[in-house]
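Work through the following exercises with the sequence and the model open side by side, and try each task before reading its solution.

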Amino acid sequence: MSGLLIIGASYAGVQAALTARDAGYSQPITMVCDEDWLPYQRPPLSKDFLLGRTSEQNLVLRDNAFFENKQIELVLGHRAVGLDLGTRRVTLERGNDLAFDQLVFATGSRARRIAIPGADLDGVCYLRSASDAIELKARLAAAAEIVIVGGGFIGLEVAASAAKLGKKATVVEASSRLLERAVSPIVSDFLLDTHLQAGVDIRLNEVVASFEGASPRVTGVVLDSGVNIRADLVLVGIGGIANDELARTAGLNCTNGIVVDEHGRSAMPDIFAAGDCANHFNRFCESWIRLESVQNAQDQAKAAGLAIAGSQGPYESVPRFWSDQYDVKLQIVGLAGKYDRKAVRGSVDAGKFSVFYYRDDRLVAVDSINRPGDQMAARRLIARGVSPSPEQAEDPSFDLKSLVTGGDKAGVLPPDL
Amino acid sequence: MTRVRFVQRDGSEKCVELDRDVSVMLAAVRNGVSGIDGECGGCLDCATCHVYVDATQASSVLPPSDEELELLSAVSGERRPNSRLSCQLKSLAAIDELVVYVPETQS
């Protein structure tokens, strides 16, 4: 028997393997990964790891004992370069072909590269993998002035880390506000103020024209407006691209990611995809979407793992995101998209507030700044399709949880309960 | 070294050793304990590592911070007096064995 083959060993790949195994899948499970590291935690890379608050060793998410215990063979440092759907074999760049009965793409996404003059200069960096983070951390230690291209999650988290390390940081963002695709103007403005107060220079409505350098090192960033900003380090954070080429070349349907159903299954019954590389129809945003988040990777992979084991448990989680910058905790649940009404709970001035987004009188998303209690309640409200009125949302004395009472029954109880 | 005993709802158990500087959440994830997701890695963003600390031991661990309490306020599994986020349970050198119960759901 060939068993289950998983390409990629980050959150989605590992979760698919674990769920399939725990759900009773008894055939061999093999994971191949082009990185040399044991599966590691990614969220800290732009934050605690850059700041030196967590070590490489502490990033490890699953260790060798895990794979032995679950009887999963982990093949590190091998890139899958070919797929033959007819013979059910994957070709590795080095070494043998691998046969499979079921295949999961958990290939993730990669940083979008910037294509402007000077993009190849030494000191123009990206942040996605542990290797990227190790390089960025070393370069940041030696740098004085960093320019960050892109005011999205990665860019802002790196800007906050750089500012904490005492570096002069400048963020260049092409749109009129920060995190434009993820949050509403009220949250963008709050984050802008936070970064400005921390000493970060933010240039909105500005496009980078080129990087200048005293070859081979980058020395500055030139904007379309003609402004020249000195830099001895550049971090480009302008989004991600699905690693779906292998699937596409093999003939699978790919549109901004590998197209899958609610079980993570492609048009071919034994071929699955999960995480950053997959595109699914999300009922909470009522559209096809490719998400880049730990929650999406793990929950979608659980659905795929269950399906592979012959069980059922479709992916229908409400999307969740978070970002930590300085002492600001931003949490997002749902996808606001085209909302037609919003309500603010808490105080923007005090730096503790949540924005509730409505579409056709239905609560579709909530952004919280330092209001984790609101966020937790909102997750349950949106998941269950329960909408507080905007007036209730705005009233801090109204208990949002009261709309979603009804608990979960416990099995084994702690002794005193 | 502290040992952590995870008790599932069906009564099955798994014991893991807790290395220094490693939280109960990370130990669970690294050892493949079911029912503990730990999406955010321990920065108090996701609340997917909820556990019930054995009631006789609840006072043996450091009490929850305000932030942890706020996250616990609307966890997906039933909230109990001994509910904790396991990412915040670490530095347990004084305890030989900590017993935690895994809730029905994390999200």
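**Exercise 1: the contact between the chains**

Between the two chains, 36 residues of chain A are in contact with 37 residues of chain B, contact meaning that the C-beta atoms, placed from the backbone, lie within 7 Å. The model is predicted, so local features need pLDDT of at least 70 and side-chain atom pairs pLDDT 80 or more, while totals for chains, interfaces and linings use all residues. Residues are numbered from 1 along each chain as its sequence is written, and chains are lettered from A in the order in which they are written.

Task: which element gives the largest share of the side of chain A that touches chain B?

Solution: begin with the elements that each supply at least two residues, among them α1 (11–22), α7 (294–308) and α8 (372–383), where helices are DSSP runs of H or I with at least four residues. Of these, α8(A) gives the largest share, with five residues.

**Exercise 2: the nonpolar cores**

Task: how many residues has the largest nonpolar core?

Solution: take buried Ala, Val, Leu, Ile, Met, Phe, Trp, Tyr and Cys residues joined through C-beta atoms within 7 Å, buried meaning 20 or more other C-beta atoms within 10 Å. The largest such core has 101 residues, and A:Ile146 and B:Val100 are among those with the most contacts inside it. Helix α4 (residues 153–164) of chain A supplies its largest share, seven residues. Beyond four places in sequence, the contacts of A:Ile146 include A:Leu140, A:Ala162 and A:Leu235. Another core, of 54 residues, lies apart and includes A:Val90 and A:Ala303.

Terms used: Buried ≥ 20, exposed ≤ 12 C-beta atoms within 10 Å, placed from the backbone.
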